[in-house]
Amino acid sequence: MDPNPLSTELLYDILRMLGAIAIRKVADSNKALAVIKAGEVDVIITEWIVEPLSGIDLIDTVRNTMHSPNRMLPIIMLTANSEPEYVVEARDRGVTEFLAKPFTVDSLYRRLVSVIARPRPFVNAEQYFGPDRRRRQVPHGGRNRRAD
């Protein structure tokens, strides 16, 4: 979902080139929610700046509402808003992958493979629901306090 029709068409063409068959293009976040509720979505790709809900609010709605048909739906944020504070907020709201514009076909392909073929486990904590934000499991070198 992108408010810019040229960006939407470019993304559509790239997805077709990568082999996607059923691609749904929507003009706003309300239509996106309707498509999601119909259960016809495997991956969401959204821009940050959309209306009436922003892309970040769309992520929050999918991850944290009782009426969400699939809270674990992979979500890729594809946006020009790539400053660190945007990346951190998207991560903390439950985005699965973040991709900054301008992007390459290869970078989009890698994000798609990541969310489809190598999904991260989901975390359900008091203040967060979404994919595990840790990319790597690094041994900490200390004692295991949880086992004590």
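Which residue lies over the face of F129? R71 does, at 3.7 Å from the ring centre; a charge counts as over a ring if NZ of Lys or CZ of Arg is within 6 Å of the ring centre and within 35 degrees of the ring normal. This is a predicted model, in which local features need pLDDT of at least 70 and side-chain atom pairs count only at pLDDT 80 or more, while totals for chains, interfaces and linings use all residues. Residues are numbered from 1 along each chain as its sequence is written, and side-chain values use heavy atoms, with hydrogens and water left out.

**Nonpolar cores**

- The largest nonpolar core has 20 residues, and I36, I44, L58 and M77 touch the most other members. A nonpolar core is a set of buried Ala, Val, Leu, Ile, Met, Phe, Trp, Tyr and Cys residues joined through side-chain atoms within 4.5 Å. Buried means under 20% relative accessible area, exposed over 50%, and partly exposed in between, with a 1.4 Å probe and protein chains only.
- At least two residues of this core come from each of α2 (29-37), α3 (55-64) and β2 (75-79). Helices (H or I, at least four residues) and strands (E, at least two) are DSSP runs, numbered from the N terminus.
- Apart from its neighbours within four places in sequence, I36 is in contact with V41, I44, L58, V62, P69 and L73. Contact means heavy atoms within 4.5 Å.
- A second, separate core of eleven residues includes L11, L15, I76 and L108.

**Helix α3**

- G55, I56, L58, I59, V62 and R63 are the buried residues of α3.
- These residues cover an arc of only 155 degrees around the axis, so they are on the same side of α3. The arc is that of the directions from the helix axis to the C-beta atoms.
- The elements that cover the buried residues of α3 include α2, β1, β2, α4, β4 (122-124) and β5 (129-131).

**Salt bridges**

- The whole structure contains nine salt bridges. A salt bridge is a side-chain nitrogen of Lys or Arg within 4 Å of a carboxyl oxygen of Asp or Glu.
- In the bridge between K101 and D2, the closest N and O atoms are 2.5 Å apart. K101 lies in the loop between β3 (97-100) and α5 (105-117), and D2 in the segment before α1 (5-17), so the pair ties together parts that are 99 residues apart in sequence. K101 is partly exposed, with a relative accessible area of 22%, whereas D2 is buried at 12%.
- R93 and D57 form a salt bridge at 3.5 Å, N to O. R93 is in helix α4 (residues 84-93) and D57 in helix α3, and the pair links distant parts of the chain, 36 residues apart. R93 is partly exposed at 25% relative accessibility, and D57 is partly exposed at 30%.
- R111 forms a salt bridge with E97, with the closest N and O atoms 3.7 Å apart. Because R111 lies in helix α5 and E97 in strand β3, the pair ties together parts that are 14 residues apart in sequence. E97 is buried, with a relative accessible area of 6%.

**Aromatic rings**

- There are two aromatic pairs in the structure. Rings of Phe, Tyr and Trp (its six-membered ring) pair if their centres lie within 6.5 Å; planes under 30 degrees apart count as stacked, over 60 as edge-to-face and the rest as tilted.
- The ring centres of W48 and Y86 are 4.9 Å apart and the planes are at 90 degrees, so this pair is edge-to-face. W48 lies in the loop between β1 (44-46) and α3, and Y86 in helix α4, so the pair ties together parts that are 38 residues apart in sequence. W48 is buried at 9% relative accessibility, and Y86 is partly exposed at 26%.
- The rings of F122 and F129 have centres 5.6 Å apart and planes at 45 degrees, so this pair is tilted. F122 is partly exposed, with a relative accessible area of 24%, and F129 is buried at 9%.
- The charged end of R133 sits over the ring of Y128, 4.0 Å from its centre.

**An exposed loop residue**

- M66 lies in the loop between α3 and β2 and is exposed, with a relative accessible area of 83%.
- M66 and D2 are 64 residues apart along the chain, and their C-alpha atoms are separated by 26 Å.
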